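Subject: Handing over the structure we talked about

Dear colleague,

I am passing this structure on to you, and below it I have written down what was found in it. Please keep it open while you read, so that you can look for each part in turn.

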Amino acid sequence: MAASNGPIELAKTGKRDYLVALEKKYQAQWADQKLFEAHPPAPGESEQEKWMGTFPFAYMNGSYHLGHAFTISKIEFDAGFQRMLGKRVLFPMGFHCTGMPIKAAADKLIREMELFGADFEHFAPETEDGEAIHPPVEPNPPASIDKAKKGKVAAKATGLTYQFQIMESIGVPREEIKRFADPYHWLGYFPPIAIEDAKSFGARIDYRRSFITTDVNPYFDSFVRWQMNKLHGMQKVQFGERYTIYSPKDGQPCMDHDRASGEALGPQEYTALRMQVVSLPPAAQVLHDKAGGRTIYLVAATLRPETMYGQTNCFVGTAIKYGLFVANDKEAYVCTYRAARNMAFQGCTLPRGEVTQLAEVDGAVLVGARIKAPFGINPEVYVLPMENVLATKGTGVVTSVPSDSPDDYQTLMDLRKKAEFYKIDPSWAALEPIPVINTPTYGDLTAPTLCKQLKIQSQKDVKQLAEAKELAYKEGFYSGTMLVGEFKGEPVQEAKGKVREKMIEASLAFAYAEPEGLIISRSADECVVALVDQWYIDYGEPVWKEQAEKLLGKMNTYFDETRHAFQGTLSWLNKWACARTYGLGSKLPWDQKWLVESLSDSTIYMAYYTVAYLLQGGVIDGHKVGPLGVKAEQMTDEVWEHILCDGPYPEQCPISKEQITTMKREFNYWYPMDIRSSGKDLINNHLTFCIYNHAAIFPEEKWPLSMRANGHLMLNGKKMSKSTGNSLTMRDSIQKFGADATRVALADAGDGIEDANFEETTANAAILRLHTLMTWCEEMVETKSTLRTGPKTFHDDVFENEINNLIEITKKNYDATSFKDALKYGFYELQSARDAYREMTADANMHADLVEYFIRISALLVCPIAPHFSEHLWTIVLKEPKSVQVALYPAPSKPVHHTLLDAAAYFRDTVKAIRDAEMSLGKRKGKSTAPVVDPSKPKALRIFVASAFPQWQDACVKAVKDSFDGTTGTVDDAKVRQLLGAAGLMKEKRAMPFVQAFKKRIGQFGAKTAFNRTLPFHEMDVLQANLPYLQRTFNCEKVDIELADEARAKAGQPTYSAAVIDTAEPGSPSFTFYNI
């Protein structure tokens, strides 16, 4: 369906309101009957196949949006289908509260309450002078930048500036907002809303197993402690100084889930060159004046330390601001403020964590400075201007190696050509490129060679330079050999690290890192890379990585793109900081000043679902002892180890044998989980962490069986955004369209890893379609006595076959989690088959048994997607005594008769061809040999059926077959022409067009089908059986059906045109209308 322009308004809501009333009724019935509470077989009870499906629990700082509903729907639809296969089904739902977003939002509210009052009563959008009031911001120079970032982030996310405004926008009354200054208030506020929304959605969730994370929940806290202790004991958790993304404002690492923007970005490591200033231009003498006697260095960041032998100059951006920053008592660095801020948190400058700026200059005044070139064959070089230097990447100072960097080479050439324009002394750019690396493809001077090959004329040729850079870097790294320096003759791959190490040892460089891109924390802070002591999980460790790859290899990912994404993540994923000091969470057991971060306490929690209801009994914060009677403090590491990993029975076990056996049986029945479904953005972290942790902690038989990733959800063809008004929460959609219509639109939105699209027009149309079909089914049952009974006709058999065929096709799509196609065949196509049957039997009426069969199958095939609709048909219309939620997937009433389906398709195609021709009656003039028929007068229809193909066609087919290569699937056209010539058919004008059409048929249907030109049914029988329909449909006095071979004897007689008769082929009859 084409994308609409945006949100729609419902003109009338009567049908929707009727459906919603039914939905609430059946939801209440399902809850009363406890249909979705999952239990393993009782001891002694026969085993029954199980299914467990999960999705990543949502973060509890707001309500579910439609994207959450989309991901939930994948498990929800599958759960409904698996129930119909007779399995015991477990679909649980928890609530994630770990991390810093809730705490950060609560702290914002505290600051805003200080500024505007407890109920924000003093807030005004603007002051009298027109400037917006901003709440105070903690010191974090430069303050103006932080305020700007804060506004930008807020606007990007919601279009709102303050946290209290955001709270109001999600439905929290202003007078209640102050309560959210306590971060723990969030934990009790949003989970009940999520449960209410999921229930309104009709989700088949076992809510007894719901829980919240963090140490607020003592049961889950004990589970996390066990998990972390186990990883620590296996040496999967290490402690040490390492680079991490860090928020100076929050004073701790900023992991993916703590970010407002920049998820999946990590540290980028450089080699920072200390390029000592020899002399400065007069305009830059302020740097000497402010340095306080310190030695001044320009600091350049490079990814290619092995090329530094070939430096000919150094570049700065003339439009960039550069600062002079204190490195220590004796040295000062020239670079951008952004780079200095990163250095400060890596110990590159002192004191650590502080940025002391002595001066600021424009890049233009640095041009002409003379500096030392570390490891350079040219010991000193000049600073020159470059147009493409970025202040947001590296240090703003760029080393120039024109032998191996296309950008450097072309800029140097531009400067030489236009020295006066660039305001430089030509001698500053006089040094020639120095061969540093030899490559098989580009020789000793890679950059000049590539610039020539790609016809690069200027540094403004950005696209070509980007291509050249990629080619140069790949060739140099993978195939290059060093030509100079201590490691001459060694491959670049080996020399790169050695050169870097030597430069650092000589104090000519130091290690430096920065974020790969802009990362903003949820506290509106621009993050840096910090070198900090921290606990980290040792992802990427070779033996563990091999285990993770083995798990992935055994796991179903449904789509190749998903598997490739996992493989890519496993290739680069490395050490991950697993603890922080700010936010909410469980304390690290052995070092309790740390909290387990949000992506590390959520890797195996799916196992906790299996026993959660026994421990908590549906009390989500675990503050009441559950039905098993086990206290949280009794869930020791030894108890968890015994239950989940078959560890030794705990000595002096704090709980009874019966209690521990009950939990162990529950876990062993449900685990492993059969499927985990998630948005594709979690492949880079959560889902891959899940793989790693399961591989480490559980035996292979408990590893996840499958993981499914879906794309992001667009709304009405556009990205969802509150600021643009193109936004819909799960609750909004259910209130606007009802649950089943929302579910239909979610199923229709798409299934692959590419982005999907929820169309409001689809949801709105679903209201009408569901209501109309429901009403029709009710009417059919009420008027069943008026329907036909007795023997079945051709069209009865066709309809039954089509239903049975759709049962099988729909099942295959449900099996593949292809819910869009399951909806297509099990809902839309099924109704289309009913419509065609109703039309074909308009005279004789539909068969009562088949109408009931259709209603029954309609209720069952769409039940996973639209269960409320199905429940109504099942229990009210069909009067079944039990809920449709316990009904099994239907088996076809008889084997599918594909020949009959082919015959039906043939008849439909024939009717369409005749109908198209009927539209042109009375219009044929000129050279047409067909008689002109007056549609206003009585008319008749004569159909000609061919029993065999024309001889010339058979000869053409034989020529193609003899020229067909079954291995390659290609036809030798030259041989075809040769064979046609030998058969005397090259002069037959129809021969080559027929051959081309036949080759196309091979491509469409395959060689076997194309060369088999016999029909599996008798055309005459099909057409004769449908004479009344043809006569009625085309309003003919009579319809004659004749064999083309017999009709040719009458060619030339009225209504027997040879041209018409000869066009008949098996499977494609010809026909003519005539007046009588």
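This is a predicted model: local features need pLDDT of at least 70, side-chain atom pairs count only at pLDDT 80 or more; totals for chains, interfaces and linings use all residues.

The pocket itself holds about 1,000 Å³ of space, and of the 32 residues that line it, Leu303, Lys393, Asp407, Lys469 and Tyr473 lie nearest its centre. Two or more lining residues come from each of β7 (295-302), β14 (397-400), α11 (406-417) and α13 (462-479). Of the contributors, α13 gives the most, with seven residues.

The cavities are a separate matter. Which residues line the largest cavity? They are Phe794, His795, Val798, Phe799, Glu802, Ala833, Ala836, Tyr837, Met840, Ala904, Phe907 and Arg908. Sorted by class, this lining has nine nonpolar, one polar and two charged residues. Three helices, α24 (794-815), α25 (819-840) and α28 (898-918), each supply at least two residues of the lining, and the largest share, five residues, comes from α24.

Of its 1076 residues, 55% are buried. If you take the contacts in the protein with a separation of 6 or more, 76% of them are between residues 24 or more positions apart.

Next, please look at one of the sheets. Four strands form an open sheet in the order β2-β1-β23-β24, and their pairing is parallel. At the edges are β2 (88-90) and β24 (707-710), each of which pairs on one side only, while neighbouring strands of this sheet are turned by 20° against each other on average, direction ignored. As a general point, strands of a sheet pair through backbone hydrogen bonds, either parallel or antiparallel. Within this sheet, β23 (residues 675-679) pairs with β24 in the parallel sense over four bridges, and arginine 676 stands opposite methionine 707 in β24.

Two helices lie across strands of this sheet. Helix α2 (residues 66-84) lies across β1 (50-54), β2, β23 and β24, and runs at about 155° to β23. Helix α17 (residues 606-616) lies across β1 and β23, and runs at about 115° to β1.

Is α17 largely enclosed or open, and why? Eleven of its eleven residues are buried, so α17 is largely enclosed by the rest of the structure; here, a residue counts as buried when its relative accessible area is under 20%. Among the buried residues of α17 are Met606, Tyr608, Tyr609, Tyr613 and Gln616. The elements that the buried residues of α17 pack against are β1, α8 (218-233), α18 (637-645), α19 (657-670), β23 and α20 (683-697).

Strand β9 (residues 321-326) is mostly covered, with five of its six residues buried. On the one hand, β9 runs antiparallel to β11 (residues 357-362), to which five bridges join it, and phenylalanine 325 stands opposite glutamine 357 in β11. On the other hand, β9 runs antiparallel to β10 (residues 331-335), with four bridges joining the two, and valine 326 stands opposite alanine 332 in β10. With four residues between them, β9 and β10 form a hairpin.

With best wishes

Technical notes. Residues are numbered from 1 along each chain as its sequence is written. Side-chain values use heavy atoms; hydrogens and water are left out. On a 1 Å grid over the protein atoms alone, a cavity is a set of points where a 1.4 Å probe fits but cannot get out, and a pocket is an open set with protein on both sides within 12 Å along at least five of seven lines; lining residues have an atom within 4 Å of a point. Ala, Val, Leu, Ile, Met, Phe, Trp, Tyr, Cys and Pro count as nonpolar, Asp, Glu, Lys and Arg as charged, and the others, Gly among them, as polar. Grid points are joined across faces, edges and corners, and a volume is the space filled by probe spheres set on the points. Buried means under 20% relative accessible area, exposed over 50%, partly exposed in between (1.4 Å probe, protein chains only). Two strands pair if DSSP finds at least two bridges between them. Axes are lines fitted to C-alpha atoms, for helices over the stretch in contact, and angles run from 0 to 180 degrees between N-to-C directions. Contact means heavy atoms within 4.5 Å.
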